[in-house]
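Student: Can we go through this one together? I'd like the ground rules as we go.

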Amino acid sequence: KQSMIIHLNTADVQHQICAILWNLSYQQENKQLIVDQRFLPIIKQSMIIHLNTADVQHQICAILWNLSYQQENKQLIIDQGFLSLIKQSMIIHINTADVQYEIFGTLYNLSLNNEDIQKLIIDQGFLSLIKQSMIIHINDTDIQYEICAVLKNISITNKQNRQLIVTQGFIDLLNDLEKNFQIYNEE
């Protein structure tokens, strides 16, 4: 933790430390330890300082994805302002598949069984970004899977959200996606 603080402005060090935290955060007890040791505020600072560094964003979003498996961590991540940072990272790194994949995994976990967070995702304008990423990464099965999982969560209980998804053209994109994978599988 001290090294992360001392070298907060050094992207390479942040990348490596966040990679360690990502690996550690796969285990349940380590998730709680990361939260209890107050790593989240430092991770947030790193995310802000290195917003333009894809490698750091990739690692941080992966940590958030793992941490957000725990229901109690979801609200903590939201309360500490990570959702707006995730959106900024999504915009800046829209063409970077690794970052997009981790972002959608995080959004999936955050939105799972949580209507308040689903509403925040809609209210903060994520749908247009999701659509843009879906188009850009049309051939990436992993990203498409996570995008569809997020859309499923957002639409499962809220009629308004379902209508927004339809009016913003996601049905056509899903049809294109299906056609694209049929062609891919035939080759």
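Tutor: Terms to start with: helices (H or I, at least four residues) and strands (E, at least two) are DSSP runs, numbered from the N terminus. The model is predicted, so local features need pLDDT of at least 70 and side-chain atom pairs pLDDT 80 or more, while totals for chains, interfaces and linings use all residues. Residues are numbered from 1 along each chain as its sequence is written, and side-chain values use heavy atoms, with hydrogens and water left out.

Student: Ok, where is Asn-158?

Tutor: Asn-158 sits in the loop between helix 11 (141-155) and helix 12 (159-167).

Student: Buried or exposed, or partly exposed?

Tutor: Asn-158 counts as partly exposed because its relative accessibility is 23%. Buried means under 20% relative accessible area, exposed over 50%, partly exposed in between (1.4 Å probe, protein chains only).

Student: What does the side chain of Asn-158 reach at 2.8 Å?

Tutor: The backbone nitrogen of Gln-160. A polar atom of that Asn-158 side chain also lies 2.8 Å from the backbone nitrogen of Asn-161.

Student: Switching to helix 4: which residues are buried?

Tutor: In helix 4 (residues 40-49), they are Leu-40, Ile-42, Ile-43, Ser-46 and Met-47. They lie on the same side of helix 4, because they cover an arc of only 160° around the axis, taken from the directions from the helix axis to the C-beta atoms.

Student: And what covers them?

Tutor: The cover includes helix 1 (2-6), helix 2 (11-24) and helix 5, among others.

Student: What is Leu-107 in contact with, sequence neighbours aside?

Tutor: Leaving out neighbours within four places, Leu-107 is in contact (heavy atoms within 4.5 Å) with Leu-83, Ile-86, Ile-121, Phe-126 and Val-150.

Note on methods: A polar contact is a pair of N or O atoms within 3.5 Å; within protein, one must be able to donate a hydrogen and the other to accept it, and residues adjacent in sequence count only if both atoms are side-chain atoms.
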